[in-house]
Amino acid sequence: GFHMSSLACALFNHIAASVWSAKVYEEDLPLTTIIHNVLLITVLWTCAAALQNHHLRALYLAEHDLLIEKQASQSLTSMICDATCWLACDGDTIVACDDRFNS
């Protein structure tokens, strides 16, 4: 995920690279350039964090919907059947079962 420490590292690296580049090439580095770059990086990181939040929220909602659907399916199955079990791909091994199947 996006953390403030990652943003701080990116800002520090960018400022350090700008200052180093200005010293090596003997150019002036106006303060406004640094401020504009910091603001640009901050906006980009904020947008990336918001996008990641949107995707994670969508995944959470999908997982929640699947959980509700699974519970409804199990409830319906328990009303219709005496017991339920899950078989492995080979069809001979029982992977999971409910307590009613064991009795």
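Reader: What share of the 103 residues in the chain is made up of buried residues?

Author: Buried residues make up 7% of the 103 residues. Keep in mind that this is a predicted model. To count as buried, a residue must have under 20% relative accessible area.

Reader: What makes the chain more spread out than a compact globule?

Author: Start with its parts. The chain has 3 helices and 2 strands. From the N terminus, they run α-α-β-β-α. Now take the radius of gyration, which is 28 Å. For 103 residues the globule rule gives 13 Å. The value is well over that, so the chain is more spread out than a compact globule. Its C-alpha atoms fill a box of roughly 85 × 25 × 20 Å along the principal axes.

Reader: Why is Trp20 called exposed?

Author: Look at its relative accessibility, which is 57%. Exposed means over 50%. Trp20 passes that cut-off, so it counts as exposed. Trp20 is found in helix α1, residues 4-24.

Reader: Why is Arg100 called partly exposed?

Author: Its relative accessible area is 37%. Buried means under 20%, and exposed means over 50%. The value for Arg100 falls in between, so this residue is partly exposed. Arg100 lies in helix α3, residues 99-102.

Reader: What is Arg100 in contact with, leaving aside its neighbours within four places in sequence?

Author: Arg100 is in contact with Ser78, Cys81, Asp82 and Ala83. Contact here means heavy atoms within 4.5 Å.

Reader: How far apart in space are Arg100 and Lys23?

Author: They are 77 Å apart, C-alpha to C-alpha. In sequence, Arg100 and Lys23 are 77 residues apart.

Reader: How do you know that strand β1 and strand β2 pair?

Author: Count the bridges. There are 3 between β1, residues 85-87, and β2, residues 94-97. Pairing takes at least two bridges, so these strands pair. The sense is antiparallel. One example is Leu87, whose bridge partner in β2 is Ile94.

Reader: How many residues lie between β1 and β2 in the hairpin?

Author: There are 6 residues between them. Gly91 sits in the turn, with a positive phi of about 80 degrees.

Reader: What share of contacts between residues at least 6 apart in sequence join residues at least 24 apart?

Author: In this chain, the share is 32%.

Notes:
Residues numbered from 1 in each chain as written. Predicted model: local features only at pLDDT ≥ 70, side-chain atom pairs only at ≥ 80, totals over all residues. Heavy atoms only, no water. Helix = DSSP H or I, 4+ residues; strand = E, 2+ residues; numbered from the N terminus. Buried < 20%, exposed > 50% of the residue type's maximum accessible area, 1.4 Å probe, protein only. Rg over C-alpha atoms; globule rule 2.2 N^0.38 Å.
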